[in-house]
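Here are a few friendly notes on the charged pairs, for you to read alongside the model. Please have the structure open as you go.

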Amino acid sequence: MDSSTWVDHDARPIPKPKERRISLYGTMFRQALVEPISHAFDIPDKLLWATAPFGVTRKWQAANVNAFDEVPNSTWFTNRNHFRAVTTDQIRTGPFDGAMPAKPWTVSDLKKGGFNLGFQIKDAEGKKWLVKLDRKGYPRAGSGAGTVVSRLVWAAGYNIALYQAVTFRREDLQFGTNASSKRVATGDPPLTEADISVLLSKGASSEDGRYYASASLFLPGKPAGPLDLHGRRKDDPNDSYKHKNRRELRGLSVFYAWLNNWDVKDQQTLDMYGPDKERGHLRHYLLDVDGSLGAAAEGAKPLPYGYEMRVDFPWTMKRLLTLGFIEEPWRKAHQESGIPSVGNFEAKVFRPPGWRPLEEVPPFRKMTPRDGYWGAKLVASFSDPQIAAAIDAAHYEDPRAPAYLLATLIERREKVARYWFDRVAPLDFFDVEGGTLRFRDLALDLGLTGPRQYEVEIDGSTSNDRDSDHRHISSTQLALPSGAKSLSLTLSISGRRAAPVRVDLRRTKAGLWSVARVRHA
């Protein structure tokens, strides 16, 4: 990838890779215990930590950013909402043109793996879907969360499966002639209508006999297994960067903190090979975001989720040292919404740096302030109407749910933006018009601050010498000095400690200024 490009050409045809198969419990054990312990006893890392006051950093910067401190479009990510606003209709529709499973549904198999109850179907148009039931007593909890969060994740730029909140009746289900024979061939007991009846008895239903569920459309292509969120895929020549060093995966930590997607592991991703069966390429998808907001497979999420990891050594030590008298944030937070379709979700106690998934995956652990700022920029790009459109797509029947979720997500969005924009100056989208540099203050755009002033250090080069200049400006534009061949600007916010932004400018062959490089923090 050329450093100035906006496209990472990682869709070259490759032979079909072997499907990657990994153990769910093995992954959970590695992420919850092995990697944290290994990280705790990483002696070189701790030596670097001791030198942090002297300006030595422990973390490598993301490997796949371009000259403008952005992530190029690729098979992993497509720049969408923070570059050009996605319309509310597009958000409401979601990926894959917002297809819906046409009835009747032919049940082909039971759902395999995971904790959600469900089954596979082929709809009346021949499309394959995975149907996951909402748990009894929590209609629209998981299915609503998956629908809302998948829309926002997609609009941000990630590849994600289509999730639809649906209802159906028992008579909408029928059985294919090969469903049972297929299961017998794989060593499973035959599928019967009694199996489905048992499943439905555990699902959420309405008084008029409708069942509540999430329907996710099968992805196009052939499955090649989940990502390895640590290293590279050795059988994919297009996979140039260790996944823990990809900015879109590091910044996802900030985005998921906003949405409280607490269930993050390799199995929540999937590589798909296509479009040609023999000479295609891999496209990388996120999956299973129904464990978000206030929901979980069991209905409402357990209270510690989002505040504490499954095996959390720091909190374990705090409890030991205080003899259990410390009060954890999840106990202080009033998460119980009182709305079954929302579950346990709040914004008052939420602190962006204190958010925790159940297991901390390597990209999240490797995130730098520059990556965190980029993730916050994605979060801050969503307007109130856009968030409302994502919520509207879930078709909540409880009228309290949309208002509660909208207010909570807006408050969490502003907390995320304030936290990161206070640490990295949110000055971005630099452009030169004539002899004037123009930029945006993202905190000002979001209404988090009023008009403010900026400090600019200008280092320029002429044909004979180098000169430096300091300017104090009160708007988001700067008249550039003439005569220099190149300029390096360091911009900061007056009276604030947020890390500055460096912008390099170069003359074009026509003698005009152009932005050559941007680096935050």
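1. First, the term: a salt bridge here is a side-chain nitrogen of Lys or Arg within 4 Å of a carboxyl oxygen of Asp or Glu. Searching the whole structure with that rule gives 39 salt bridges. In general, side chains of opposite charge can pair when their charged atoms come close.

2. A word on the source: this is a predicted model, where local features need pLDDT of at least 70, side-chain atom pairs count only at pLDDT 80 or more, and totals for chains, interfaces and linings use all residues. Residues are numbered from 1 along each chain as its sequence is written, and side-chain values use heavy atoms, with hydrogens and water left out.

3. Have a look at Arg210, whose side chain forms a salt bridge with that of Asp208 (3.0 Å, N to O). Arg210 is buried at 17% relative accessibility, while Asp208 is partly exposed at 43%. For these words, buried means under 20% relative accessible area, exposed over 50%, and partly exposed in between (1.4 Å probe, protein chains only).

4. Next, Arg319 and Glu328 are joined through their side chains at 2.6 Å, N to O, in a salt bridge. Here Glu328 is buried, with 3% relative accessibility, and Arg319 is partly exposed, with 25%.

5. Arg502 and Asp504 also meet in a side-chain salt bridge, at 3.6 Å from N to O. The relative accessible area is 37% for Arg502, which is partly exposed, and 9% for Asp504, which is buried.

6. Finally, which residues are linked in a network of salt bridges? Asp69, Asp371, Arg247, Arg250 and Arg519 are.
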